[in-house]
Amino acid sequence: MKDLKYLAAFSIPVMAFIGLYLKGYWVWATPVFAFVCIPVLELIFPVDTKNLQPEEANSKLKHKLFDWLLYLNLPVVYGLVLFALVLVSNQHLVTYEFVGLVISVGIVLGVNGINVGHELGHRQTTNERFIGKALLLPSFYMHFYIEHNFGHHLHAATPEDPATAKYNQSVYSFWLTSSIRQYFNAWNIQKKLLKNNNRSFFSIKNDMLWFTLFQIGYLMVIALTFGTTALIFAVLAGIVGFILLETVNYIEHYGLLRLKTNSGRYERVKEIHSWNSNHVIGRIVLYELTRHSDHHYKSSKKYQVLDCHEESPQMPFGYPTSMVLAMVPPLWFKIMNKRVPRSMILE
């Protein structure tokens with residue numbers, strides 16, 4: 001039964017559904033739950049650093065429940081988006097309700113959309129990768145699949161990686177630099193992949209071209225079916241979704257850098273190049289994303305068997321709490337700068 005703990009990840013869309021259904025001040029239930037209630041729970045519940053024994057890990061890898069818990073996010077996310085579009089196009093909402101619903105649905109797109117899409121994007125089967133890419137669509141971040149898998153995991157914790165926040169860089173600056181650089185990096189990676197396989201720009205294998213067409217088509221369908229208000233809602237919710245992702249990116253590698261070897265190349269990615277968190281609530285709600293060090297150590301490793309590495313830099317709080325702290329740069333710098341290894345700080 002304890003494996004069902006990951007059902008808690010659906011608490012975010014449940015709160016968003018409540019907001020959509022009840023409206024009024026309930027539209028703010030999701031952000032309050034995600035960034036007030038969960039951080040409080042993280043302070044109450046103990047940190048769990050235990051790792052699975054090999055036989056237990058093998059058992060969990062064979063259990064399809066963990067995969068289906070990911071797949072279920074596809075109908076949940078799109079069902080919630082559809083419900084929201086119908087609502088905003090047919091009912092008059094006051095400004096605070098509209099804004100609250102934008103943020104609520106955006107949080108779902110980030111947590112149950114992009115985060116799960118990230119996990120499935122590392123899988124080897126075509127069907128799982130398809131679901132992963134589909135979950136990136138409503139946030140207009142399908143290019144994340146290419147940049148993350150072929151760029152970030154190669155360049156993480158180096159200045160060449162747009163998804164690695166620099167020491168003393170604020171999260172607000174990072175939103176801009178990371179989102180823009182990741183998009184153009186994705187195109188550059190795609191062009192190299194096409195060139196290496198002797199394919200033209202208009203090849204059927206040009207994923208970036210397909211991603212662009214799918215995302216434009218998504219917005220066109222919304223505009224033609226639900227109208228201008230729904231289109232504005234979808235665009236804003238998508239932006240909230242990818243800003244949430246970029247905030248997670250910010251705290252995952254903040255200030256950490258791989259050193260160069262005598263040959264001039266960067267040392268390989270190690271457990272020390274990602275911030276790790278063992279706060280149980282964040283681990284469950286984010287499908288173990290907080291054990292990020294092990295994810296970079298072996299990116300194909302499934303979420304339910306990720307380990308804690310003692311040598312990894314440990315965050316003093318869980319990821320949800322850390323995201324809130326990042327919104328106040330002076331407080332973030334005061335807490336985190338002293339935890340960044342001195343050898344990684346560029347003078």
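Trainee: Ala157 lies in the loop between H8 and helix H9 (171–196), and the model is a predicted one. Is Ala157 called buried or exposed, and what makes it so?

Mentor: Buried means under 20% relative accessible area. Ala157 has a relative accessible area of 0%, so it falls under that cut-off and counts as buried.

Trainee: What is the phi of Ala157?

Mentor: The phi of Ala157 is positive, about 65 degrees, although the residue is not a glycine.

Trainee: Asn168 is in the loop between H8 and H9 as well. What phi does Asn168 have, and how is its accessibility classed?

Mentor: Asn168 has a positive phi of about 75 degrees and, again, is not a glycine. Its relative accessibility is 45%.

Trainee: Gln190 lies in helix H9. How do you know whether Gln190 is buried or exposed?

Mentor: The relative accessible area of Gln190 is 3%. The cut-off for buried is under 20%, therefore Gln190 is buried.

Trainee: Which residues is Gln190 in contact with, leaving aside its neighbours within four places in sequence?

Mentor: Ile146, Lys205, Asn206, Asp207 and Met208. They are called contacts because heavy atoms lie within 4.5 Å.

Trainee: Now the whole chain. How do you know whether its radius of gyration agrees with that of a compact globule?

Mentor: The rule gives a value near 20 Å for a compact globule of 347 residues. The chain has 20 Å, so the two agree. The C-alpha trace spans about 65 × 55 × 45 Å along its principal axes.

Trainee: How many helices and strands does the chain have, and what part of it is buried?

Mentor: There are 15 helices and zero strands, and 54% of the 347 residues count as buried. Carbon and sulfur atoms hold 65% of the accessible surface, which comes to about 16,400 Å². Of the contacts with a separation of 6 or more, 73% are between residues 24 or more positions apart.

Trainee: Which elements line the largest cavity?

Mentor: Helices H2 (29–44), H6 (95–121), H8 (144–155), H11 (228–253) and H14 (319–326) each supply at least two residues of its lining. H6 gives the largest share, six residues. The lining has 23 residues, and Gly110, Val111, Val248, Leu286 and Leu289 lie nearest the centre of the cavity.

Trainee: How do the residues of that lining divide by class?

Mentor: They divide into 16 nonpolar, six polar and one charged.

Trainee: What makes up the lining of the second largest cavity?

Mentor: Its lining includes Asn115, His118, Glu119, Glu288 and His292, and also Leu286 and Leu289. H6 and helix H13 (292–297) each supply at least two residues, with the largest share, three residues, from H6. The classes are four nonpolar, four polar and two charged.

Key
Residues numbered from 1 in each chain as written. Predicted model: local features only at pLDDT ≥ 70, side-chain atom pairs only at ≥ 80, totals over all residues. Heavy atoms only, no water. 1 Å grid on protein atoms, 1.4 Å probe; cavity = no way out; pocket = protein on both sides within 12 Å on 5 of 7 lines; lining within 4 Å. Helix = DSSP H or I, 4+ residues; strand = E, 2+ residues; numbered from the N terminus. Nonpolar A, V, L, I, M, F, W, Y, C, P; charged D, E, K, R; others polar. Buried < 20%, exposed > 50% of the residue type's maximum accessible area, 1.4 Å probe, protein only. Rg over C-alpha atoms; globule rule 2.2 N^0.38 Å. Areas by Shrake-Rupley, 256 points an atom, 1.4 Å probe, with all protein chains shown as cover.
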